[in-house]
Amino acid sequence: MTPSPTLVADAGGTWQGYTCTWAHVIELTPDKPVVRIDQIPTSYSDGGAREEAETKSMEGVLLPGQKGKSMRVRYTGDVAAMVVYAKVGESYDPVNLPELLTC
């Protein structure tokens, strides 16, 4: 994904029936670790907080793009989208960010 090795660190939890996860993308450059993306939503479910017929969920998968230039996240579920993150300065910023389900 990036010119140097990259870590993808997942975080998340469940709060009052809402479950969310997100990822942090960290490039291990020769000088120091650099956070390239602070938070990418990677999943959402409100199944513990709503009636079964009213629940919403989504899941995102981080995919490589052009090495050192872009990466992508494919969302499925109640949100279906492909979000491109392009390198701008030191970070990767979303080019086309739809409305996502978030906690």
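I'll start with the disulfide and then move on to the aromatic pairs.

Quick housekeeping: this is a predicted model, where local features need pLDDT of at least 70, side-chain atom pairs count only at pLDDT 80 or more, and totals for chains, interfaces and linings use all residues. Residues are numbered from 1 along each chain as its sequence is written, and side-chain values use heavy atoms, with hydrogens and water left out.

Cysteine 20 sits in strand 2 (residues 18–28) and cysteine 103 in the segment after strand 7 (91–94), so the bond ties together parts 83 residues apart in sequence. Strands here are DSSP runs of E, at least two residues, numbered from the N terminus. The S-S torsion is about 85 degrees, so we call the disulfide right-handed.

Buried or exposed? Cysteine 20 is buried at 4% relative accessible area, while cysteine 103 is exposed at 56%. Buried means under 20%, exposed over 50%, partly exposed in between, with a 1.4 Å probe and protein chains only.

Now the rings: there are 2 aromatic pairs. Rings of Phe, Tyr and Trp (its six-membered ring) pair if their centres lie within 6.5 Å; planes under 30 degrees apart are stacked, over 60 edge-to-face, the rest tilted. Tryptophan 15 and tryptophan 22 are stacked, 6.3 Å centre to centre with 15 degrees between planes. Tryptophan 15 is partly exposed at 44%, and tryptophan 22 is partly exposed at 22%. Tyrosine 18 and tyrosine 44 are tilted, at 6.5 Å and 45 degrees.

Conventions. Disulfide = S-S within 2.5 Å. Helix = DSSP H or I, 4+ residues; strand = E, 2+ residues; numbered from the N terminus.
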